[in-house]
Amino acid sequence: MAFNKRHSSKNDDEEDYWNPKTPRANFFDDDGKDTEVIDWTGNTIGDLSTSDSKLATSARGSNTKTKASSGISRPIEISHHSSKADDKVTLSKPFNSATSIEAAVRKDMTLSHTEVSKLYAEVASLKRELQSSKRSRWAAPKVSDTIIRMMMGESYSLEMYKSLPDKLTLLDSAIEYHDGNSITAIVLFLKKTLKNNIFITELRRRPIAVNHYAVYLQSMGDTEALASELQVLGRKEEAAMWKYRLALQEIVPQVRYQSVKKCTDLHFEGYKLLHGETVFLREQCSLMNKQMLIEDEDAKASKEKKPPFGHCQREAKLYFLPLITTLYYCCKYHFNVSQSSKSSPQSLVKEFNMTEKQYVMTAAKACANQHKWEDLETLLTPKKWLAKTKKPTVGFDRIVEILIKAKAPHDKLEKYMLLMEDTDKRLETAKKYKVHAVVIETLKHMRDLRGLQNYQNEVEYGSREHTQLQTLLKNTSIKWKT
């Protein structure tokens with residue numbers, strides 16, 4: 001019991017010591033005096049007893065979160081005191097959030113009313129500029145500015161022009177500037193963004209734009225689209241010609257024949273402005289049909305080695321040849337066939353209304369190139385009509401040119417050279433190609449004694465021409481020009 005009493009007494013003393021019922025002196029002060037409170041710079045700002053009581057009061061009114069198991073921690077607040085000498089920091093108030101710092105900064109960073117007004121005005125101006133930039137971002141620039149950028153090769157955008165008037169103004173401005181690239185680009189933009197009927201209507205009113213659009217389609221090689229677009233744009237003549245070109249691109253003879261015939265019926269027939277072209281296309285269709293018929297027969301005869309291909313091969317097929325070349329082909333291989341035959345040259349001349357001069361010239365070339373001199377003589381022999389000799393339609397100077405190109409024998413050149421009507425030209429041609437008999441005969445006809453005497457050196461001694469020349473010089477019955 002004594003132990004318990006003593007132990008109990010001891011515990012009571014300890015509890016009375018740590019939790020005194022009466023105020024006790026400050027046991028931390030060795031001298032029994034109150035300790036002064038100083039700031040971080042060493043200056044005295046109060047005593048500990050006063051600060052302790054204030055802190056205790058503040059702690060009781062603060063949030064209970066400041067309590068801990070060992071007691072109450074003292075919250076502090078930092079306050080800045082600015083002076084010319086130095087800045088003081090006082091540990092006097094709780095410092096528990098960032099808001100206190102912001103409040104402290106705002107407290108010292110006070111602005112004048114004028115400065116605040118300027119800041120508000122600047123903010124308002126920036127807001128207005130921002131709104132204006134947002135609006136102008138989607139606003140279309142001036143048409144003239146866009147056209148100039150296009151002409152200068154700078155970047156541009158046509159998508160901002162939404163309304164029809166703006167788009168048409170854009171096209172009209174490009175036409176006024178006479179810039180083909182800009183016109184083409186804008187026309188393609190209208191083609192993409194407008195309804196087809198509106199696009200066609202507006203483009204018809206602007207022929208220059210149609211021209212540039214047609215050139216663009218032509219450069220792209222889209223002949224079919226070009227012909228269709230020109231048709232709907234009212235350019236029927238141009239559309240018809242492009243349709244015809246498109247038909248000529250077929251390489252199969254039968255297919256080309258059908259394409260040209262269809263093109264003629266749909267785009268040329270009945271159109272007054274294209275009457276001449278319609279007649280031409282009708283003749284072309286007839287020619288292609290005749291060529292196919294002749295080619296089928298000749299291909300079969302050539303394969304079977306039948307006349308006229310028994311001893312020679314055809315040089316080329318007859319498909320797609322011009323009319324005059326077809327006539328040459330018929331004269332070369334079918335000169336003597338009857339006129340009722342499909343391949344007769346006379347039948348071809350009659351069907352396509354060819355002139356006699358065309359026939360004679362073409363047939364003469366065919367006969368000369370094959371050295372068929374009898375056929376050539378038959379062709380060139382003057383025909384009589386009512387006891388009158390019919391004058392040949394082709395001058396013999398042209399025949400001589402054909403014979404020279406065909407490398408005809410000397411006697412053939414001599415024969416037809418003597419038939420040349422122009423004496424001066426005959427003499428010049430005979431001297432050039434050394435046809436001595438023609439030169440001597442021409443000089444005799446001109447009674448040019450000095451010319452004959454000078455020409456003796458050109459003739460080979462002892463030849464037929466030399467003997468003829470000497471006989472003329474000795475003939476005293478001829479009246480020579482002096």
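Mentor: Helices here are DSSP runs of H or I with at least four residues, numbered from the N terminus. The model we will discuss is predicted, and Leu168 has its place in one of these runs, namely helix 6.

Trainee: How many helices and strands are there in the chain?
Mentor: The chain has 482 residues, of which 29% are buried. Among contacts with a separation of 6 or more, 45% join residues 24 or more positions apart. As for the elements themselves, the chain holds 23 helices and eight strands.

Trainee: Is Leu168 buried or exposed?
Mentor: Leu168 sits in helix 6, and once residues up to four places away in sequence are not counted, Leu168 touches Glu202 and Arg206. A residue is called buried when its relative accessible area is under 20%. The relative accessible area of Leu168 is 12%, so this residue is buried.

Trainee: How far apart in space are Leu168 and Leu190, C-alpha to C-alpha?
Mentor: Leu190 is one of the buried residues of helix 7, and helix 6, where Leu168 has its place, is among the elements that cover those buried residues. In sequence, Leu168 and Leu190 are 22 residues apart, while in space their C-alpha atoms are separated by 8.5 Å.

Trainee: What span does helix 7 reach from its first C-alpha to its last?
Mentor: Helix 7 covers residues 180-193, which gives it 14 residues. At 1.5 Å a residue, a span of 20 Å is expected, and the reach of helix 7 is close to that, at 20 Å.

Trainee: Which residues of helix 7 are buried?
Mentor: An α-helix has 3.6 residues a turn, so residues three or four places apart point the same way. The buried residues of helix 7 have cover from several elements, including helix 5, helix 8 and helix 9. The residues in question are Ser182, Ile183, Thr184, Ile186, Val187, Phe189 and Leu190.

Trainee: Which residues is Thr184 in contact with, leaving aside its neighbours within four places in sequence?
Mentor: Thr184 belongs to helix 7, and its relative accessible area of 16% is under the 20% cut-off, so Thr184 counts as buried. Leaving aside the neighbours within four places in sequence, the contacts of Thr184 are His212 and Tyr216.

Trainee: Which helices are included in what covers the buried residues of helix 8?
Mentor: The buried residues of helix 8 are Phe199, Ile200, Glu202 and Leu203, and one of them, Glu202, is touched by Leu168. Their cover includes helix 6, helix 7, helix 9 and helix 10.

Trainee: Which helix gives the most to the lining of the largest cavity?
Mentor: The structure holds one cavity of 30 Å³ or more, and the largest cavity has a volume of about 30 Å³. The residues that line it are Pro253, Met288, Gln291, Met292, Tyr319 and Phe320, and by class five are nonpolar, one is polar and none is charged. With three residues, the greatest contribution to this lining comes from helix 13.

Trainee: Why does Gln291 count as buried?
Mentor: Gln291 has its place in helix 13 and, apart from neighbours within four places in sequence, is in contact with Leu318, Tyr319, Phe320, Leu321, Pro322 and Thr326. Buried means a relative accessible area under 20%. Gln291 counts as buried because its relative accessibility is 2%.

Trainee: Where does Phe320 lie?
Mentor: Phe320 is one of the residues lining the largest cavity, and it is partly exposed, with a relative accessible area of 33%. Although Phe320 is not a glycine, it has a positive phi of about 65 degrees. Its place in the chain is the loop between helix 13 and helix 14.

Trainee: What is the omega of the peptide bond from Pro307 to Pro308?
Mentor: Pro308 is found in the loop between helix 13 and helix 14. The peptide bond that runs from Pro307 to Pro308 is cis, and its omega is near 5 degrees.

Terms used
Residues numbered from 1 in each chain as written. Predicted model: local features only at pLDDT ≥ 70, side-chain atom pairs only at ≥ 80, totals over all residues. Heavy atoms only, no water. Helix = DSSP H or I, 4+ residues; strand = E, 2+ residues; numbered from the N terminus. Buried < 20%, exposed > 50% of the residue type's maximum accessible area, 1.4 Å probe, protein only. Contact = heavy atoms within 4.5 Å. Expected span 1.5 Å × (residues − 1). 1 Å grid on protein atoms, 1.4 Å probe; cavity = no way out; pocket = protein on both sides within 12 Å on 5 of 7 lines; lining within 4 Å. Points joined across faces, edges and corners; volume = space filled by probe spheres on them. Nonpolar A, V, L, I, M, F, W, Y, C, P; charged D, E, K, R; others polar.
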